[in-house]
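This briefing goes through a single protein chain. Keep the sequence and the 3D view open while reading.

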Amino acid sequence: MTDTLRSRTAALRDILEQQFQTHTGQLLELTAHSREPGHGGHDPDTLRALMETARQGIADSAGALRRMSEGTYGCCESCGGEIPVARLEIRPSARYCVPCQQRQQR
């Protein structure tokens, strides 16, 4: 982990913890709606998609927090190179550098 990333880690950790809490709250609310007659006014397919998005947000933020605790945060999971701090500030849960992310999407 570079010095720049070390200095930004506390702020990034706060962002990730907030994202985790937000997605968890969303999933709890959506789960409650899914059990209501009429699904709380949501279309069942839309509700399932929203729940999956919340689950993915939980997994992404939890994974990034785990990587922080393991000391591997900011390292690309594909090439092992450094993920630029600017990328992590935009997407704190990023697992890949931009070139490797582009290869993953192909």
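A salt bridge is counted here when a side-chain nitrogen of Lys or Arg lies within 4 Å of a carboxyl oxygen of Asp or Glu. The model is predicted.

- R48 and D45 form a salt bridge, and their closest N and O atoms are 2.3 Å apart.
- R48 and D45 are about one helical turn from each other, because they sit 3 residues apart in helix α2.
- Both members of this pair, R48 and D45, are exposed.
- A salt bridge also joins the side chains of E52 and R55, with an N to O distance of 3.9 Å.
- This distance lies within the 4 Å cut-off, so the pair E52 and R55 counts as a salt bridge.
- E52 and R55 are likewise 3 residues apart in helix α2, which means that about one helical turn separates them.
- E52 is partly exposed, with a relative accessible area of 42%.
- R55 is also partly exposed, at 40% relative accessibility.

- The side chains of E77 and R95 meet in a salt bridge, 3.0 Å from N to O.
- E77 counts as partly exposed, at 40% relative accessibility.
- R95 is partly exposed too, with a relative accessible area of 35%.
- E77 and R95 also belong to a network of salt bridges that includes R67.

**Nonpolar cores**

- The largest nonpolar core has 15 residues, and those touching the most other members are L5, L12, L16, M68, Y73, C76 and L88.
- Two or more residues of this core come from each of the helices α1 (3-34), α2 (44-70) and α3 (85-90).
- Leaving out residues up to four places away in sequence, L5 touches L12, Y73, G74, V85 and L88.
- Another core, of 6 residues, lies apart from the largest one, and L30, L47, M51 and I58 are among its members.

How values were computed:
Residues are numbered from 1 along each chain as its sequence is written. This is a predicted model: local features need pLDDT of at least 70, side-chain atom pairs count only at pLDDT 80 or more; totals for chains, interfaces and linings use all residues. Side-chain values use heavy atoms; hydrogens and water are left out. A nonpolar core is a set of buried Ala, Val, Leu, Ile, Met, Phe, Trp, Tyr and Cys residues joined through side-chain atoms within 4.5 Å. Buried means under 20% relative accessible area, exposed over 50%, partly exposed in between (1.4 Å probe, protein chains only). Helices (H or I, at least four residues) and strands (E, at least two) are DSSP runs, numbered from the N terminus. Contact means heavy atoms within 4.5 Å.
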